[in-house]
Structure formats: structure tokens, C-alpha cells
Amino acid sequence: MKAIIITQPGGPEVLQIAERPTPIVKPGEVLIKVMAAGINRPDVAQRKGNYPPPPGAPVDIPGLEVAGIVTEIGSDVTRLKIGDKVCALVIGGGYAEYCTAPEGQCLPVPDNLSFAEAASLPETFFTVWSNVFDRGQLKPGESLLVHGGSSGIGVTAIQMATALGSEVYVTAGSDDKCKFCENLGAVKAINYNQENFSDAINKLTDGKGVDVILDMIGGDYTPLNIKCLATEGRLVHINSMKGKNVTIDLTEVMRKRINITGSMLRSRDVEFKSAIAQNLQTHIWPLLASGKIKPVIYKVFAADEAAEAHELMESSEHMGKIVLQFAK
Ligand SMILES: NC(=O)c1ccc[n+]([C@@H]2O[C@H](COP(=O)([O-])OP(=O)(O)OC[C@H]3O[C@@H](n4cnc5c(N)ncnc54)[C@H](OP(=O)(O)O)[C@@H]3O)[C@@H](O)[C@H]2O)c1
């Protein structure tokens, strides 16, 4: 099969097309003919050599999410059959014509979505569910602040939390991005280049602060996050793009009884990821089918344009998801 491989750590140009053996299905897995694969920021980190694939993942083929058609089923597969249209969270190897996935990490492609749209869902939907609703315990009526509101993660968090009854605030780096986030449902988007987000949140919430913050920034954002969290607030980290070593005022943490947590999805086991898939199918897939939650795609590239797609992601010009199309 053809795959996009990382030839060596480096810039987007190290992504090249190569021939690789079609993966062999293991018990409990299906083989998917990949029609489209989503691109995520962790793929960029992997390409640069800063995010080694966990054990069991293909060493040089990136890609954490795919959509396509099941062409083979392994032993112990009980639910899926050949010909089913699925999208799947995968441990790696998504940038290829074929990819294996555990049955439990596959979800049906909703009838109203294309393969490219379905491929844009798994990584951010699993991550947001796991961190905002499981770890962060966001409840209807509570408020959420998401940094990077126009990122793939951001557009997912805005829509999911709004649909499930929360008020969502976001930060973003330009007025255009802010407008885009408010059009998706954010009650207020704060341009962090023009305003101190922490002061803005406290003003917008009459000094109460927000109940949950989904943070991918870290660094000097962390003390500011703590300043604008409500009493019993939860701060959930999914990355630390501005720095992993931070200084915080522990008195504030104790005074407000704040929980600080975080997680990394990729290295978690199949059972954990399958449990998230079940929750998504129950709570979120009906909202995709009804159109209340929509995939947000900024640009679809042909598979042999993976380098251009990574360049776009690194420019941070995009709003929403970037997808590679392998077949139609
Ligand atoms: N822990 C996990 O399991 C997990 C899983 C998936 C993703 N993630 C993380 O979630 C984040 C979003 O992923 P994605 O695929 O949605 O990425 P993405 O679409 O590329 O979005 C990243 C956004 O972050 C903002 N940004 C970039 N560098 C920044 C900086 N130095 N300071 C402040 N903001 C910055 C940019 O928005 P502005 O222009 O508005 O600044 C950009 O749009 C990534 O950090 C990724 O590693 C974690």
C-alpha cells in the first residue's frame, strides 16, 4: 500500500510517499480502506521527533484518525462487518491507504457526513470527551473556557459543551478567529493579543470565574487560569505549548479548592478508548446525525500533499480541521 512516512525528524518536507506492507489485523481489530485521514497537532510534534510513537504504533507512519470502509475483520470482532463505513481513533498509521483499528475504537460514519468529514472527528472528539466531561466533570449549566478556540480541539469543545448545556468562553489570536468561534456557539471569544483573558473572564462572569478550563498552553497561562477559575474549578491540561514548568500561587488553589489535572490520550489502552467511543456514540453521535454538532473542516488536501497540509497547520492560519483525502 501507499503511505505517507516520516523519512527523518524535520520540517514538512520529510513527509514522503512510500510503499509499506498492508497491516495485518490482530484479534479484535478490523482493516480499514482509508478514504480520508485527519491531521492533528500531535502529528506535527511526531514529525519533528518530539513525540515518539508509543509501543504498538507504526514507527514512521503518522496519523491518529481515519474514515473508510472495513475490508477485513479479525477474530473476536463481534459488531462490525466487511463493507461497514467507519471512522476510527488509531494509535498511528492513519496516513496510509490501509490502517487497522480495534473494533471498540470505531464509530459509524453518520449518513449525513462525507468520509473527509468523518475522518476529522475521532481525535478531537475522544480527547474533548475524556478531558472536559470525564476528567473535568463539566455539567450542564456550568461554564467552560477553552484556549485555542479555533483549533481542531477548540471547535469540537465549543460545539459539544454548548450542545450539552454549558456556556463556553474561548481565547484566540485574532478578531477573525474570535468571530468564527462565536459563530460556532461560544458566548464570548477573547482575543488574547488584545486583552488579558483572565481579567476578561472575571469581568464576564461577574467575578465568579469559570468552572472548567481546557488548556493546551501552560507556561504563563497557568497562574492566569487559576485566577479566573471558579470555586471548586477544574483545570485540565492537554498540552503545554508555552512551557511545562510553571509557577502558581498554591494559596489560590487551596482557597478555591481547585483541581489541577490533565491527560494524554494516545498511550491509553484499547479498553479506555473503547469506553470513550461508547459514550460518544450515546451522547454525541445523535447530535452529529441531527446536525446540531457539525464537523468543521478548513481544508482538504490530496494525500500526496501531506507536507503542504502540515505547513498550513504550523502556520496556525487554519480554523478547524485539516484533512488528507486518500480516495473518494
Ligand atoms: N493530550 C491529548 O491527549 C491531546 C490530544 C489531541 C490534541 N492535543 C493538543 O491539543 C492542542 C490542539 O490540537 P489541534 O490538533 O486541535 O491543533 P491545531 O488545530 O493546530 O490548533 C492549535 C492552536 O493553538 C494556538 N497556538 C499555537 N501555538 C500557540 C502558542 N505558542 N501560544 C498560544 N496559542 C498557540 C493556535 O491558535 P491561535 O492562533 O489562536 O493562537 C492554533 O490554532 C495541541 O497542543 C495538541 O498537542 C492533546
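User: Which residues come nearest to the ligand?
Analyst: This is a predicted model. Of the 24 residues around the ligand, those that come nearest are Arg41, Gly173, Lys177, Tyr192 and Asn239.

User: What does the side chain of Tyr192 have to do with an oxygen atom of the ligand?
Analyst: An N or O atom in the Tyr192 side chain lies 2.4 Å from a ligand oxygen. Backbone atoms take part too: a backbone N or O atom of Gly173 is 2.8 Å from an oxygen atom of the ligand, and a polar backbone atom of Leu265 is 2.8 Å from a ligand oxygen.

User: How much of the ligand's accessible area does the protein cover?
Analyst: On its own the ligand has 910 Å² of accessible area, and the protein covers 88% of that. The ligand takes up the space of the largest pocket.

User: Which helices supply at least two residues each to the shell?
Analyst: Among them are α1 (41-47), α3 (122-135) and α4 (152-163).

User: Switching topic. Where is Gln325?
Analyst: Gln325 is in strand β15, residues 321-325.

User: Buried or exposed?
Analyst: Gln325 has a relative accessible area of 18%, which is under 20%, so Gln325 counts as buried.

User: What is Gln325 in contact with, leaving aside neighbours within four places in sequence?
Analyst: Met35, Ala36, Ala116, Val300, Phe301, Ala302 and Ala303. The C-alpha atoms of Gln325 and Ala37 are 6.6 Å apart, although 288 residues separate the two along the chain.

User: And which backbone oxygen lies 3.0 Å from a polar atom of its side chain?
Analyst: For Gln325, that is the backbone oxygen of Ala327.

Note on methods
Residues numbered from 1 in each chain as written. Predicted model: local features only at pLDDT ≥ 70, side-chain atom pairs only at ≥ 80, totals over all residues. Heavy atoms only, no water. Helix = DSSP H or I, 4+ residues; strand = E, 2+ residues; numbered from the N terminus. Buried < 20%, exposed > 50% of the residue type's maximum accessible area, 1.4 Å probe, protein only. Contact = heavy atoms within 4.5 Å. Polar contact = N/O pair within 3.5 Å; in protein donor to acceptor, adjacent residues only side chain to side chain. Near = heavy atom within 4 Å. Areas by Shrake-Rupley, 256 points an atom, 1.4 Å probe, with all protein chains shown as cover. 1 Å grid on protein atoms, 1.4 Å probe; cavity = no way out; pocket = protein on both sides within 12 Å on 5 of 7 lines; lining within 4 Å. Sits in = over half its atoms within 2 Å of the grid points.
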